[in-house]
Amino acid sequence: MTRYILRRTGHAALLLVGVSLLTFLFTSLAPRDYLDEMKLNPQVSQGTLVALRAKYGVDQPLPVRYVRWATGLLRGDMGFSFAYGAPVASLLRVRARNTLLLTTIAMLFAWGVALPLGIWSAERESGWPDRLITFATGALLIVPDLVLALGLLLFAVRSGWFPAGGMAAVGVESLSWAARARDYALHLVLPVGALVLSTCPVLLRHVRAAILDVLDSSFIRAARGHGIPRRRLLYRYALRAAANPLVSLFGLSLGTLLSGSLIIEVVMSWPGLGPFLLEAILARDLFVVIGGVLLSTVFLVAGNLVADLLLYWADPRIRAERGGS
Amino acid sequence: MSSAPGTMPALLTVESLEMRYRPRNPGPSGSAVTALDGVLFAVAAGTTLALVGASGSGKSTLAQCLACLERPTAGTIQLDGLELTALSERKLRAVRPQIQLVSQDPYASLNPRLTALEIVIEPLEVQRRFSGAERAERARGLFERVGLSFRLAPRPVGEFSGGQRQRLAIARALALEPRLLILDEALSALDASVQAQIANLLLDLQQTSGLTYVFITHDLAMVARVADDVAVLERGRIVERGPVNQMMRRPAHAATLALFAATPRFVGPLGLQAGE
């Protein structure tokens, strides 16, 4: 087990090095950089620009820049944001925290809905609840995230029930603890709703398909023959037997916690990583882009690692297969 | 094989059993398929009824109905006078331990995530019988009864051979001390020597525990070895029935003759020749 974890962590480290190299390469291939844009500002002299280039190492060749950035990263320094004039790590921390607040709640809701509904739908295959769920998930799947988010925003504006964008009301700091929590919760409803509506149909269909696969299996019928109650059969036996593809999907859900909400965050003005990265890309704020991509990759790799470890723990066949390696 | 089945009271009585269902991918007519059509038979306690028939004759559907895993469209199934088809799912749960099914595929019928011990004690857990230590002790006894070493108990079921798996499936079925065991082609996926071992095991268990078997197969040599009575199923109907000796010597219906004709000709240790 320890060897397996070490090997997987080694693979993950190599993958991160590869991703950081590629991100560095691609951002340097893009025409112009942030400091080039500053040339247009008549208040910034040529001398200042040269000094800034030397300070941030932008005048160095790519390999030197990469090594400098990578060694800084080992000390926890992710570089400096030209646009914000602040260290990237501290900027990313706040934005990532906001994104995680949104996506974690949305993921818990999406799985909380997809699991029971998917199981219910599979159990009633071809019955009216199943047909209704299949139709509803199909309809949601063909609506793009952007349209979904805009539709919800329109609903918020027309009804006035929820704030149309942002994370908190102006002056929220002066409110009491309870009022502040209520304000945050109200601001969360729309983006969480949009994320749940966009991710839940995919999850639900996977749950349904996985459960359908095992419900017809001979060992589940045998368990029924032993007199197992329906709920226990579905949630303890069928779900456990159908777990492998769902655990992998859960890993992907974890992995996309930072990167899966970009469009929704932009449309709903949620101050998360999405709009922050988009601004950084448009402004060619080099280290913010690289830092953001790397952080998303860390989550993706960690999500997959968690899924693999869960599979290893849950399935004796995988343990037997990988046990000695 | 026990003697004189006609003198014993019927444990299982099946009357006018019908099973119709709509296929998942119906053809242009969209009509329902009749899998069982007026099936009627009884099995005396402690005896073996062999149900034989060609593929698609309704054998496995009948097995599923007898094990109460499918609800028949019409007709009744009675176990010792108790009408099973009239019971709600909740009431049926209490009766299920008395009827156990051993299915054809020893690979698909055991949960691949479990160990051999977990497989055997699973029915006891489901029925909340005995404490943890008692369950393990019962499992040890069951392993012995089906001729498996208890040292294999902690191993995952994936490490077992087909014959060992079928022994495990039988041990699992016996865990709840059933009165009726339905063996749906339970030996057909095994090689000849393992088939003979399991058949002997079933006969021993019948002698020691007085079990009643419904033995579903298309293997006539095995029928001659284990059954007291034979019923021939064709297109969901029982077309011929009788004691095994009579059926083996003087089969009358065309479907029975076709089954004999389809059996490879050989003269076995029992002196039986297919088609004789």
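What should the 15 residues of helix α7 (residues 145–159) of chain A span at 1.5 Å a residue? I worked it out as 21 Å, and the end C-alpha atoms are 21 Å apart, which agrees. The expected span here is 1.5 Å times one less than the number of residues.

Housekeeping: this is a predicted model, so I kept local features to pLDDT of at least 70 and side-chain atom pairs to pLDDT 80 or more, while totals for chains, interfaces and linings use all residues. Residues are numbered from 1 along each chain as its sequence is written, with chains lettered from A and ligands numbered from 1 in the order in which they are written.

Helices (H or I, at least four residues) and strands (E, at least two) are DSSP runs, numbered from the N terminus. Just past α7(A) I found A:Gly160 with a positive phi of about 75°.

Next, chain B: I count nine helices and ten strands. Of its 276 residues, 42% are buried (20 or more other C-beta atoms within 10 Å of a residue's own, C-beta atoms being placed from the backbone).

I then looked at α5(B), residues 162–175. Its 14 residues reach 20 Å from first C-alpha to last, close to the 20 Å expected. Since 13 of the 14 are buried, α5(B) is largely enclosed by the rest of the structure. B:Glu177 follows α5(B), and its phi is positive, near 50°.

Definitions and conventions
Buried ≥ 20, exposed ≤ 12 C-beta atoms within 10 Å, placed from the backbone.
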